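Dear colleague,

Please find below the structure I promised to pass on. I would be grateful if you could read the notes that follow with the coordinates open beside them.

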Amino acid sequence: MTPITEVEGRRLTLSNLDKVLYPATGTTKGEVLHYYAVTAADALLAHLHDRPVSFLRYPDGPDGQRFFTKNPPPGTPSWVRIAEVPRHAAQQNRQVVVQDLASLMWAANLVVEFHTPQWQADAPGIADRMVFDLDPGAPATVVECCRVALWLRERLAADGLSAYGKTSGSKGLHLLVPLEPAPADRVSAYAKRLAVEAERDLPELVVHRMTRALRPGKVFVDFSQNAAAKTTATPYTLRATAEPTASAPVTWAEIEDCRTPAELVFLAADMGGRLERYGDLLAPLTDPDRARPLPAVP
């Protein structure tokens, strides 16, 4: 029997609750839904608010089929908000906007990673945050990413900007910066400039180009996710990895002290305690008073 539940006055059909999604830990779909409904809902919804969502779906777990979709999935309820956002100059794209707990649980029941752009649905292509995706090329790990993050924090501070970190939930680290709204192409240009500077100052550690041959043993500072068409894993989303890892906000002390990759791996089961201890470490991203202007790019 498929259970039907009511969430904020909306009737939802939740399916296959006993299905094991993460064989490595035995984590079931019901436990994943509990994570989104109880543990992460408030913090995650703050970062999903007013942003068009792209879904990476993995209904049979991380070892099964995965597919990425920006369009609303078939059967999307009429009460889920849909935004019209530009795809190309002459085209509009329809995307889901997860605004409330009922919409979050409907989406989570599809078994998805949540991915969002750096702009809000009512201002397409006008970024209110900047992201650096620090991606280690083996044998480099998140430990090396932390070294690069510390360099970026200081460089951003020199321009009056504050950075906040989170794990990617995979193998890297994301740095996020609250901004006064600015065109995505300007944000991308500034982020690229800092990536190039990082490579110049840390040539043994950093590469700013995506070319695979350049990346072994180094950290790729990916600035491209600032482009208007790109998205980044939303804070607190679970990932389609072997274990139910979360894209978890981390403190700068944790980044400074990181000596082994395991120190910055956080599972769904870890997140309740972290939220109780720290609250939402990325709350400054949703506070307009914390936003600062993007420096000019020569």
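The model is predicted, so local features are reported only at pLDDT of at least 70 and side-chain atom pairs only at pLDDT 80 or more, while totals for chains, interfaces and linings use all residues. Residues are numbered from 1 along each chain as its sequence is written, and side-chain values use heavy atoms, with hydrogens and water left out.

Helices (H or I, at least four residues) and strands (E, at least two) are DSSP runs, numbered from the N terminus. A residue is called buried under 20% relative accessible area, exposed over 50% and partly exposed in between, with a 1.4 Å probe and protein chains only. Helix 2, residues 41-48, is mostly covered, with six of its eight residues buried. These are Ala41, Ala43, Leu44, Leu45, His47 and Leu48. The elements that cover them include helix 1 (29-39), helix 3 (101-109) and helix 7 (268-278), together with strand 5 (52-57), strand 9 (112-116) and strand 10 (126-136).

His47 belongs to helix 2 and counts as buried at 0% relative accessibility. Which residues does His47 touch, not counting those up to four places away in sequence? With contact meaning heavy atoms within 4.5 Å, His47 touches Arg129, Thr234, Pro235, Tyr236, Asp280, Leu282, Leu285 and Thr286. Just after helix 2, Asp50 takes a positive phi of about 65 degrees.

Strand 12 and its partners

Strand 12, residues 173-183, is largely enclosed by the rest of the structure, because eight of its 11 residues are buried. Two strands are taken as paired if DSSP finds at least two bridges between them. Strand 10 and strand 12 run antiparallel and are joined by eight bridges; strand 11, residues 164-167, also pairs with strand 12 in the antiparallel sense, over four bridges.

Backbone geometry in the loops

Two residues other than glycine in loops deserve a look. Asn16, which is not a glycine, has a positive phi of about 55 degrees and lies in the loop between strand 2 (10-13) and strand 3 (20-22). Val111 also has a positive phi, near 65 degrees, and is not a glycine. Val111 is placed in the loop between helix 3 and strand 9 and is buried, with a relative accessible area of 5%.

The peptide bond from Ala138 to Pro139 is cis, with omega near 5 degrees. Pro139 sits in the loop between strand 10 and helix 4 (142-158).

Cavities

A cavity here is a set of points, on a 1 Å grid over the protein atoms alone, where a 1.4 Å probe fits but cannot get out; its lining residues have an atom within 4 Å of a point. Grid points are joined across faces, edges and corners, and a volume is the space filled by probe spheres set on the points. How many cavities of 30 Å³ or more are there? The count comes to two.

The largest cavity has a volume of about 60 Å³. Its lining consists of Arg51, Thr116, Pro117, Gln118, Arg129, Lys166, Leu176, Thr232, Ala233, Thr234 and Pro235. For residue classes, Ala, Val, Leu, Ile, Met, Phe, Trp, Tyr, Cys and Pro count as nonpolar, Asp, Glu, Lys and Arg as charged, and the others, Gly among them, as polar. The lining of the largest cavity divides into four nonpolar, four polar and three charged residues.

The second largest cavity holds about 40 Å³ of space and is lined by Tyr236, Pro249, Met271, Arg274, Leu275, Tyr278, Gly279 and Leu281. Helix 7 supplies the largest share of this lining, four residues. By class, the lining has six nonpolar, one polar and one charged residues.

Cysteines

A disulfide is a pair of cysteine sulfur atoms within 2.5 Å, and by this rule the count is zero. For Cys145, the nearest cysteine sulfur is that of Cys146, 6.9 Å away; Cys145 is buried, at 0% relative accessibility.

With kind regards

Definitions and conventions:
On a 1 Å grid over the protein atoms alone, a cavity is a set of points where a 1.4 Å probe fits but cannot get out, and a pocket is an open set with protein on both sides within 12 Å along at least five of seven lines; lining residues have an atom within 4 Å of a point.
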